[in-house]
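Q: I have just opened this entry and would appreciate a guided look at it. Could we go through it step by step?

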Amino acid sequence: MNKFIQAQKYCVKVFDGTHDTPKPVLKGFPLITSKNILGGKLNLKNIYNISKDDYFAVQKRSAVSKWDVLFSMIGSIGETYLEKNDDIPYAIKNIGVFSTNDEYKAKWLYYYLISPYAKAFIKNYLSGAVQKFLPLGVLREFPIIPYDYSRKKAVDLLYTIDSKIELNNKINNELEKIAKTLYNYWFIQFDFPDKNGKPYRSSGGKMVWSEDLKREIPIGWRSDLLKNRLKSYLGGTPRRNNEEYWNNGSIPWLSSGEVAEFPILSSAEKITDSGLKNSAAKLLRVGSLMISITGNIRVSILGMDASANQSVVGIEENEELKKSYLYLFILNHISQYEALMTGAVQKHINKEVIDKTLLLIPSKEVLNMYYKLADSLFEKIIKISKENKELSELRDFLLPMLMNGQVIIM
């Protein structure tokens, strides 16, 4: 039987970030909030910077140290991040911090906080709450299963799994960078290899003016509307009040937010065959592109067969235009889509905007050369992502059993 102690007794200190709202500046120090913690990772992309004076004022009260555990207090409550770095360049707001000053106590606490035990406590506390928020007092009294040396091998096993996932993520990031660089050279700078293996445009390759695209393109290349070259589908939602469409569903059904995953390998909800047949939802196959058209415009690739709601447009690849070309073309086109968004409450574009996208159609020879290089990069990304999904599922399967002592690592 596990014995619980309060976090304030387990930790050296439990504190939170600033309660103020420092004025954003163009160049300065990053201020992260709860929204920057997701899936055990810290996302420093969607942040704003604060001035040097504001940064040091926050740090005086709420400086994060190596092996501190950061905890989302508002919004997606319970999202957790273990800080493993010595150099910490950010300040915090709306984030709780569990500080142990001990590597293994911190790792154990991190795994405990993502375990079903901690999730159940958060759910019970928030039940019936109007505003979803976990105050500092609750964090200090948070019930913790304490660490002792007998749990060291369990921590090492879980951390090894996470380290492999982190390494895989770094490999995928590099593979995607290579793919983006290749695309940029070939289809934006037009320096694909010519017949002599030299960069086409830089070596004087002939260019012609495209009236549709309003720019020069290599001779023999064309432009065409997306709808003339590819099949596209707007998603749909089966009626919520019909249990036959949802209960025990096996078909992944995506929301626009889930298009942020790359590649897409899971969905929070699933629908039945009957739900698919009796709604506007369509089943798209592995390799199809998914574009979120509401809120944030995003594009991703399906790593599984899936359907989606009406905030997502799916595009099927074909032999001429494969995902390794289309994904990067659409990714480079997102700013143009964003400029066409309408709506006072919820910004969006319509499927027609996607269908009327002017595609650059390279010559068959160049596309085939590109696919020989790029297809393998994307297949590796999908393969590694599937391995990460399996590793995450293994970790989550082991986690509660290691926490309660049901499984002991010898």
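Q: To start, how does the lining of the second largest pocket divide by class?
A: This is a predicted model. In it, the lining of the second largest pocket has 10 nonpolar, 4 polar and 3 charged residues.

Q: What is the volume of that second largest pocket?
A: The volume of the second largest pocket is about 400 Å³. Among the 17 residues that line this pocket, Leu213, Phe329, His333, Gln336 and Leu358 are the closest to its centre.

Q: Which elements give two or more residues to the lining of the second largest pocket?
A: They are helix 6, helix 10 (334-339) and strand 23 (358-361). Helix 6 gives the most to this lining, with 3 residues.

Q: Turning to helix packing, at what angle do helix 6 and helix 9 pack?
A: Helix 6 (residues 152-188) packs with helix 9 (residues 323-331) at an angle of about 80 degrees, and their axes are 11 Å apart. Helix 6 is therefore roughly perpendicular to helix 9.

Q: Which residues make that contact between helix 6 and helix 9?
A: Helix 6 contributes Glu176, Ala179, Lys180, Tyr183 and Phe187, while helix 9 contributes Tyr325, Tyr327, Leu328, Phe329 and Leu331. By class, the contact of helix 6 with helix 9 has 8 nonpolar, no polar and 2 charged residues.

Q: And how do the axes of helix 9 and helix 12 cross?
A: The axes of helix 9 and helix 12 (residues 364-403) cross at roughly 85 degrees and come within 8 Å. These two helices are therefore roughly perpendicular to each other.

Q: Which residues of helix 9 and helix 12 make the contact?
A: On the helix 9 side they are Lys323, Ser324, Tyr325, Tyr327 and Leu328. On the helix 12 side they are Leu367, Tyr370, Tyr371, Ala374, Asp375, Phe378, Glu379 and Ile382. The contact of helix 9 with helix 12 divides into 9 nonpolar, 1 polar and 3 charged residues.

Q: A change of topic: how many cavities of 30 Å³ or more are there?
A: The count comes to 1 cavity of 30 Å³ or more. About 30 Å³ of space lies in the largest cavity.

Q: Which residues line the largest cavity?
A: The lining consists of Tyr233, Leu234, Gly235, Lys282, Leu284, Met290, Ala308, Val312, Val313 and Gly314. Strand 16 (232-234) and strand 22 (312-315) are the elements that give two or more residues to it. The largest share, 3 residues, comes from strand 22. By class, the lining of the largest cavity has 7 nonpolar, 2 polar and 1 charged residues.

Q: Which residue takes a positive phi in the hairpin of strand 19 and strand 20?
A: Gly295 does, with a phi near 75 degrees, in a hairpin that has 5 residues between the strands.

Q: Lastly, what is the strand order in the open sheet of 4 strands?
A: The order is 3-7-4-10, with mixed pairing. Strand 3 (24-25) and strand 10 (91-92) are the edge strands, each pairing on one side only.

Q: How do strand 4 and strand 7 run, parallel or antiparallel?
A: Strand 4 (residues 29-32) and strand 7 (residues 48-50) run antiparallel and are joined by 3 bridges. Leu31 has Tyr48 of strand 7 as its bridge partner.

How values were computed. Residues numbered from 1 in each chain as written. Predicted model: local features only at pLDDT ≥ 70, side-chain atom pairs only at ≥ 80, totals over all residues. Heavy atoms only, no water. Pairing = 2+ DSSP bridges. 1 Å grid on protein atoms, 1.4 Å probe; cavity = no way out; pocket = protein on both sides within 12 Å on 5 of 7 lines; lining within 4 Å. Points joined across faces, edges and corners; volume = space filled by probe spheres on them. Nonpolar A, V, L, I, M, F, W, Y, C, P; charged D, E, K, R; others polar. Axes fitted to C-alpha atoms, helices over the stretch in contact; angles between N-to-C directions. Parallel < 35°, antiparallel > 145°, perpendicular 65-115°, else oblique. Contact = heavy atoms within 4.5 Å.
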